[in-house]
Amino acid sequence: PAMAAAMDTTSKVKMPTADEANKAVAQSSKDLDNIVRKVNDLSHAQSHREKKKEDAVSKLVKLQEQFEEKERELQACQAKYDRVQKHLQEMQAKRREMQDMCDDCNRQMKDLVTTVLKSSRKAHYACEEL
C-alpha cells in the first residue's frame with residue numbers, strides 16, 4: 001500500500017507533451033540567445049569604457065606634463081621678475097641718493113653765491129670808501 005501511494009504521486013505529475021517540450025526548448029533557446037546578446041553588449045560596453053578610461057588617463061598624463069612645464073616657466077618668470085624688481089629698487093635707491101646729493105650741492109652752491117655776493121658788495125663798498 002505505501003508503495004502504491006508513492007506510485008500514485010508520481011503518476012500525478014503531468015508529463016509535458018512533445019509540443020509543450022518543443023515550445024519550452026524554443027523559449028529556452030530564445031532566453032539563451034538574449035543572455036548571450038546581453039553578455040556581448042556588456043562586454044562591448046566594458047571594452048568601450050576601458051578604451052575611454054585609457055584615453056582619459058593618457059590625456060591626464062599629457063596635461064600633467066604640460067602643467068609641470070608651465071609651472072617651470074612660471075618659476076623662471078617669477079625668478080626673473082624678482083631679479084628685475086631687486087635691480088629696480090637698487091636703481092631707485094641710487095637715484096634718491098643722487099637726488100639728495102644734487103640737492104645738497106645746489107644748496108651749497110646757493111650758499112657760496114650768497115657769500116660771494118656779500119663779499120663782493122663789501123669789497124665794492126670798501127673800494128668806494130677809499
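Biologist: In helix α2, what separation in helical turns lies between Asp55 and Lys51?

Modeller: The model is predicted: local features need pLDDT of at least 70, side-chain atom pairs count only at pLDDT 80 or more, and totals for chains, interfaces and linings use all residues. Residues are numbered from 1 along each chain as its sequence is written, and side-chain values rest on heavy atoms, with hydrogens and water left out. Helix α2 covers residues 18-129, a helix being a DSSP run of H or I with at least four residues, numbered from the N terminus. Because Asp55 and Lys51 are four residues apart in this helix, their separation is about one helical turn.

Biologist: What N to O distance joins the side chains of Asp55 and Lys51?

Modeller: The two side chains form a salt bridge, defined as a side-chain nitrogen of Lys or Arg within 4 Å of a carboxyl oxygen of Asp or Glu. Asp55 has a relative accessible area of 39% and Lys51 has 46%, so both count as partly exposed (buried is under 20%, exposed over 50%, partly exposed in between; 1.4 Å probe, protein chains only). The N to O distance is 3.2 Å.

Biologist: Is Lys70, the salt-bridge partner of Glu73, buried or exposed?

Modeller: The closest N and O atoms of this pair are 3.8 Å apart, and three residues in helix α2, about one helical turn, separate Glu73 from Lys70. Glu73 is partly exposed at 36%. Lys70 has a relative accessibility of 53% and therefore counts as exposed.

Biologist: What radius of gyration does the chain have?

Modeller: The chain has two helices and zero strands, a strand being a DSSP run of E with at least two residues. Its C-alpha atoms fill a box of roughly 175 × 30 × 20 Å along the principal axes. A compact globule of 130 residues would have a value near 14 Å, by the rule of 2.2 Å times the number of residues to the power 0.38, with the radius taken over C-alpha atoms. The chain has 54 Å.

Biologist: What share of the residues in the chain is buried?

Modeller: The chain has 130 residues. Buried residues make up 0%.
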